[in-house]
Amino acid sequence: MSLQAHLQSAIARAGVYRRQGQVVAFNGLVIEAQGPDADIGELCEILPGDGRPVVPAEVVGFGKEHILLMPYGDLSGISGRSLIRATGRPLDVPVGDAMLGRVVDAFSRPLDGKGALVLPTRYPLHASPINPIHRQGIDKVLETGVAAIDSLLTLGRGQRVGVFAGSGVGKSTLLGMLARHVQADAIVLCLVGERGREVGDFIRDSLGEDGLRRAVVMAATADQPALVRTHAVHASHAVAEYFRDQGKSVLLVVDSITRFAMAQREIGLAIGEPPTLRGYTPSVFSWLPRIAERCGRHGKGEITAVYSVLVEGDDMNEPIADHMRAVLDGHIVLSRELAQRGHLPAIDILQSASRLLNALASPGELACAMEVRRILAQYDGARDMIELGAYQKGSNASLDAAIQAHTELSGLLRQPPGMAMPRATVLRQLAAAIGTGMSNA
């Protein structure tokens, strides 16, 4: 293209007028404005005046005569005289290799005091999902270093799985173990709706310095606007997609998708969506599969996603938990009863499942996993009799063998947070405990 043609093209694309509007109402969450002419999802700027900084806002809906915007920042100084200017660009997020080892906010701005980040590349906030025809099969095991997961709930590179738990059951500890020990090139951690203290505690205690070196931590705390919290989830997926496109194997951890759903519910109710189950709006249930479908194997790399699901009142059938089980490729359930008995990580093997276990495990590994499940189920069914002393040894030979193996199995499935356990070693130990050979492995 000649210089003249290039200049003509640039002039044709250049905006020759400014689209502006004015604030007319504010209900605590949503700004109503007369103009500007803007699209859903377009980024606008609110101009408070008096030298105050510009406040970014996103167009989230339309009324009869007004557009509806939600701000990303503090609205101090905004009045009915404030102007709103459309930027003409959709939302995107700056990304780059320099993010590794850093803690950033939902807009990739550093929070760790380690200096500015130079991120020349920008990725769209809402990327299109992978074409289902172009999706590659998941056939490689992802070793997480967590014994119970690697041996009995084997995950694959590109799989999407949920960690379902009530509060105080060890969810953050397990996620920290995954991030610290997993065999992945890059890790993207999205902490949504957490208390500010918990963000620092997670980075120091659960993730550690070794885990942080190959990780990007993106945090949007509970005191930030709902739009910022949902933005962090979308932005973390964009960051993961950047590293995937560099040919890396990426682990994406979102803690928690339930708090994303709560923030989206807040947005939906504010713009007039009807509430459904437990007040969740329809947009919540449309966003969850769209988010999950951005992960998987694609091109040179893959994104393995782990979404924590905070179940209210330990109800595993509450709306978000029930919906996520249908969307994901597996679920890891943490049991409060196991946690109270000191069995950590408190993974309830019998309530958990990996939908790709049959495709990833060898026949010998699969037989070992099924036998361990059978023993745990048989012991669990007779637990009350055993603990009351009502069962007499010799009454059932199969149950006698299950009781004898149960203690050793429980010991093998316990694991200190700082210790990684190789998958092959765990499988050999489990096979020895149940008296099964691994000749078919």
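Me: What makes the set in which Y307, I320 and M324 touch the most other members a nonpolar core?

Reply: The largest nonpolar core of this predicted model has 63 residues, and Y307, I320 and M324 touch the most other members. The name applies to buried Ala, Val, Leu, Ile, Met, Phe, Trp, Tyr and Cys residues joined through side-chain atoms within 4.5 Å. Helix 5 (residues 226-245) gives the largest share of this core, 11 residues, a helix being a DSSP run of H or I with at least four residues, numbered from the N terminus. Apart from this core there is a second, separate one of 59 residues, which includes V146, V163, I203 and L334. In soluble globular proteins, nonpolar side chains tend to be buried together.

Me: Which residues does M324 touch beyond four places away in sequence?

Reply: M324 touches F164, I257, L288, Y307 and V309, where contact means heavy atoms within 4.5 Å. Residues are numbered from 1 along each chain as its sequence is written, and side-chain values use heavy atoms, with hydrogens and water left out. Because the model is predicted, local features need pLDDT of at least 70 and side-chain atom pairs count only at pLDDT 80 or more, while totals for chains, interfaces and linings use all residues.

Me: Why is R423 called buried?

Reply: R423, which has its place in helix 14 (residues 423-434), has a relative accessible area of 8%. Buried means under 20% relative accessible area, exposed over 50%, and partly exposed in between (1.4 Å probe, protein chains only), so R423 falls in the buried class. Leaving aside residues up to four places away in sequence, R423 touches V141, E143, D150, T154, A361 and E365.

Me: How do you know that the side chains of R423 and E365 make a polar contact?

Reply: The pair lies at 3.0 Å, and a polar contact is a pair of N or O atoms within 3.5 Å, of which, within protein, one must be able to donate a hydrogen and the other to accept it, residues adjacent in sequence counting only if both atoms are side-chain atoms. The value is therefore inside the limit.

Me: What makes R297 buried, and which partners does its side chain reach?

Reply: R297 lies in strand 16 (residues 296-298), a strand being a DSSP run of E with at least two residues. Its relative accessible area of 16% is under the limit, so R297 too is buried. The R297 side chain reaches the backbone oxygen of G137 at 2.5 Å, and a polar contact of 3.3 Å joins the side chains of R297 and D139. Beyond four places in sequence, the residues that R297 touches are I130, R135, Q136, G137, I138, D139, R157, G158 and E302.
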